[in-house]
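Dear colleague,

Here is the structure I said I would pass on. My notes on it follow below.

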Amino acid sequence: MDESITFLHSSDWQLGMMRRFLGPDGQARWGQARLDAVARIGEVAERTGAAFVVVTGDVFEHNQVERQTILRACEALKRIPVPVVLLPGNHDALEPGSLWTSSQWLAHAPEHVTVLTETTPFRILPGLEIVGAPWRSRRPLSDPAAPGYADLEQDPATTRILLAHGQLTSLSGGMSDVPTIDQAALEAAVADGRLQYVGLGDRHSTTRVTDRIWFSGTQEVTSPEEDDPGNVLKVTISGDTIDVVPVRVGAWHMVDHRVELFDEESITALEDWFAELPDKERTYVRLAGDGSLSLPLLARLDSMIDAQGEVFASVERWVKFWTVRPAPDAADLESLQLSGPARAAMEELRQALAGGDEGAGAALSLMHRLARDAG
């Protein structure tokens with residue numbers, strides 16, 4: 001195929017995914033945002049003149065998503081004005097009970113959408129074939145990409161695009177519990193002309209492996225650990241040249257922030273950091289903190305984080321890395337002006353804290369906060 005062709009590469013939509021740390025309101029808005037990002041892929045296709053869109057695995061979060069999720073996905077797909085090719089991945093594998101064979105999908109899937117259920121090359125345009133390696137089980141026994149191209153032979157008259165899903169051996173760090181994709185074998189297939197582009201899914205961050213091998217990343221962020229999510233790739237193949245450009249379609253942010261909290265200035269600095277963040281209603285913040293604070297400052301910190309949680313999509317303390325300790329002094333405790341059983345409880349907690357019980361410190365902080373608010 002000598003003429004230039006442009007298409008879009010996306011993956012890991014995982015429609016129906018739950019993120020319970022967002023709370024009911026945030027979860028609903030984030031779930032809709034994932035569908036909105038799919039619709040924006042359609043806008044990018046129209047704007048760039050893309051001939052088609054490929055999605056390399058995990059279109060849905062699992063095979064038992066709700067009917068509403070399938071129907072809304074179909075509506076979002078209708079907003080992509082060019083042919084769409086979907087590859088089943090590990091989350092929505094072609095196993096018994098797959099949603100791809102469900103009555104809901106078959107009845108409502110748009111006509112311009114093709115699901116790759118076989119490894120047989122799919123001729124989407126004259127001189128251009130898409131070859132796919134759909135997952136047939138969540139636990140494959142070998143390289144999940146190999147079935148898509150192992151039997152291919154060179155064809156100078158045909159441009160071939162491989163769609164595959166899974167982690168590369170070179171990027172997995174030995175941590176994958178399923179067989180990984182052999183990068184060297186992919187590169188060999190590209191080098192000898194059997195493949196002109198390899199579109200990969202499973203990695204949620206946009207990642208260039210080589211000029212012709214890319215992970216697109218998810219269309220909308222799913223975790224603070226992701227380096228570069230929220231893109232679709234615009235791929236242009238023209239003769240022997242290729243150009244791959246990430247295009248932003250995501251709207252949400254998930255941020256990790258680490259703080260040292262020891263005094264009033266450090267709390268004020270945290271307040272200023274929150275104030276400067278844009279798109280608060282579409283941002284999840286996970287806080288890691290260390291330090292020690294007096295009871296009044298700890299109460300101020302708690303109130304501030306609670307208030308920010310009402311403004312942002314969600315703000316939470318990262319339990320694994322949250323070690324901000326109360327450091328009450330005698331003046332803090334006396335200022336509560338407690339008497340009777342309440343004072344006896346305070347003294348008992350103070351003694352427990354002196355003995356190293358951090359839970360007692362948290363209880364003292366809560367007691368101080370409640371007494372302050374009641375006053």
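Two strands are treated as paired if DSSP finds at least two bridges between them. On that basis, in this predicted model, strand β1 (residues 5–10) pairs with strand β2 (residues 53–56) in the parallel sense, over three bridges. Within this pair, L8 stands opposite V53 in β2.

Both strands belong to an open sheet of six strands with mixed pairing, in the order β4-β3-β2-β1-β11-β12. The edges are formed by β4 (113–115) and β12 (241–248); each has a single partner strand, so one side of each is left without a neighbour in the sheet. On average, neighbouring strands of this sheet are turned by 20 degrees against each other, direction ignored.

Helix α1 (residues 23–48) packs on the sheet. The strands touched by α1 are β1, β2, β11 (231–238) and β12. The direction of α1 makes about 165 degrees with that of β1.

Helix α1 also has a part in the largest pocket, where it provides the largest share of the lining, six residues. Both α1 and α2 (67–78) supply at least two residues each to that lining. The pocket has a volume of about 430 Å³ and is lined by 19 residues. Those that lie nearest its centre are G16, M18, Q27, Q68 and T69. By class, the lining divides into nine polar, six nonpolar and four charged residues.

R67, found in helix α2, touches Q104 and H108, leaving aside residues up to four places away in sequence. R67 and Q104 are 37 residues apart along the chain, and their C-alpha atoms are separated by 6.8 Å.

The last item is a helix pair. Helix α7 (residues 264–276) and helix α8 (residues 295–311) pack at an angle of about 5 degrees, with their axes 10 Å apart. Angles under 35 degrees count as roughly parallel, and α7 and α8 are therefore roughly parallel to each other. On the α7 side the contact is made by E264, I267, T268, L270, E271 and F274; α8 contributes L297, R300, L301, M304 and Q308. The contact of α7 with α8 comprises six nonpolar, three charged and two polar residues.

Regards

Definitions and conventions: Residues are numbered from 1 along each chain as its sequence is written. This is a predicted model: local features need pLDDT of at least 70, side-chain atom pairs count only at pLDDT 80 or more; totals for chains, interfaces and linings use all residues. Side-chain values use heavy atoms; hydrogens and water are left out. Helices (H or I, at least four residues) and strands (E, at least two) are DSSP runs, numbered from the N terminus. Axes are lines fitted to C-alpha atoms, for helices over the stretch in contact, and angles run from 0 to 180 degrees between N-to-C directions. Contact means heavy atoms within 4.5 Å. On a 1 Å grid over the protein atoms alone, a cavity is a set of points where a 1.4 Å probe fits but cannot get out, and a pocket is an open set with protein on both sides within 12 Å along at least five of seven lines; lining residues have an atom within 4 Å of a point. Grid points are joined across faces, edges and corners, and a volume is the space filled by probe spheres set on the points. Ala, Val, Leu, Ile, Met, Phe, Trp, Tyr, Cys and Pro count as nonpolar, Asp, Glu, Lys and Arg as charged, and the others, Gly among them, as polar. Angles under 35 degrees count as roughly parallel, over 145 as roughly antiparallel, 65 to 115 as roughly perpendicular and the rest as oblique.
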